[in-house]
Amino acid sequence: MILSPSMAAEEAKRWLGLAKDDLHSAEVILNSRQFYVCAFLCQQSVEKGLKALLIKKTGALLKIHDLVLLAKKGGMPEALIEKCDALNNIYLETRYGDVSGIPPSKKFNLENTSPFLTRAKEVIAWLEKNI
């Protein structure tokens with residue numbers, strides 16, 4: 001279903017709010033040392049933010065998890081698409097413990113998770129300015 005421009009703007013704001021909520025939760029959870037959950041929420045935050053951008057632009061929700069494809073369809077700058085690419089595999093790695101051969105709770109730590117939070121913050125900041 002394609003939304004009217006005014007309905008799309010409202011729905012985009014709602015999705016951006018969900019993205020910001022996930023980003024805030026990722027920050028809180030990082031401090032509790034649940035690193036794989038933080039990583040997952042970083043990916044989810046960016047995914048929801050990108051979907052907000054596409055809803056605003058097209059009036060439709062694209063039901064995929066590929067952050068790079070979402071970012072390209074949304075017309076993001078290449079530097080931010082690269083940040084999305086770095087977050088892209090987190091969805092699979094945190095949802096399905098057999099993807100990397102290491103349980104997510106053992107794979108993620110402060111050193112490899114903190115950059116995900118930084119990247120997610122940068123993408124969400126750009127989205128806030130462009131939605």
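Helices here are DSSP runs of at least four residues, numbered from the N terminus. The model you are looking at is predicted.

**A look at the surface**

Tyrosine 96 is partly exposed, with a relative accessible area of 41%. Together with Leu92 and Val99, Tyr96 forms a nonpolar patch on the surface, and the accessible area of these residues together is about 260 Å².

Because exposed means over 50% relative accessible area, arginine 33 counts as exposed at 56%.

Aspartate 22 takes us to helix 1. Is aspartate 22 buried or exposed? Aspartate 22 is buried, since its relative accessible area is 12% and the cut-off for buried is under 20%. Leaving aside neighbours within four places in sequence, aspartate 22 is in contact with Leu41, Gln44, Ser45 and Lys48.

| Residue | Relative accessible area | Class |
|---|---|---|
| Aspartate 22 | 12% | buried |
| Arginine 33 | 56% | exposed |
| Tyrosine 96 | 41% | partly exposed |

Now turn to helix 4, which covers residues 78-88 and has Leu80, Ile81, Cys84, Leu87 and Asn88 as buried residues. Seen down the axis of helix 4, the buried residues fall within an arc of 115 degrees, so they line one face of the helix. An α-helix has 3.6 residues a turn, so residues three or four places apart point the same way. On the other side of helix 4, Ala79 and Glu82 are exposed.

What do the buried residues of helix 4 pack against? Their partners are helix 2 (35-58), helix 3 (67-74), helix 5 (90-95) and helix 7 (110-130). Leucine 87 gives a detailed view: not counting residues up to four places away in sequence, leucine 87 touches Cys42, Gln43, Val46, Leu67, Phe116, Arg119 and Ala120.

**The nonpolar core**

The largest nonpolar core has 37 residues, and those with the most contacts inside it are Cys42, Val46, Leu50, Met76, Cys84 and Leu87. Helix 1 (5-31), helix 2, helix 3, helix 4 and helix 7 are the elements that give two or more residues to this core. Helix 2 provides the largest share, 11 residues. In soluble globular proteins, nonpolar side chains tend to be buried together.

Note on methods:
Residues are numbered from 1 along each chain as its sequence is written. This is a predicted model: local features need pLDDT of at least 70, side-chain atom pairs count only at pLDDT 80 or more; totals for chains, interfaces and linings use all residues. Side-chain values use heavy atoms; hydrogens and water are left out. Buried means under 20% relative accessible area, exposed over 50%, partly exposed in between (1.4 Å probe, protein chains only). The arc is that of the directions from the helix axis to the C-beta atoms. Contact means heavy atoms within 4.5 Å. A nonpolar core is a set of buried Ala, Val, Leu, Ile, Met, Phe, Trp, Tyr and Cys residues joined through side-chain atoms within 4.5 Å. Patches are made of residues with over 30% relative accessible area and no salt bridge: like charges are joined within 9 Å, nonpolar side chains (Val, Leu, Ile, Met, Phe, Trp, Tyr) within 5 Å. Accessible areas come from the Shrake-Rupley method with a 1.4 Å probe; for residues, only the protein chains shown count as cover. A salt bridge is a side-chain nitrogen of Lys or Arg within 4 Å of a carboxyl oxygen of Asp or Glu.
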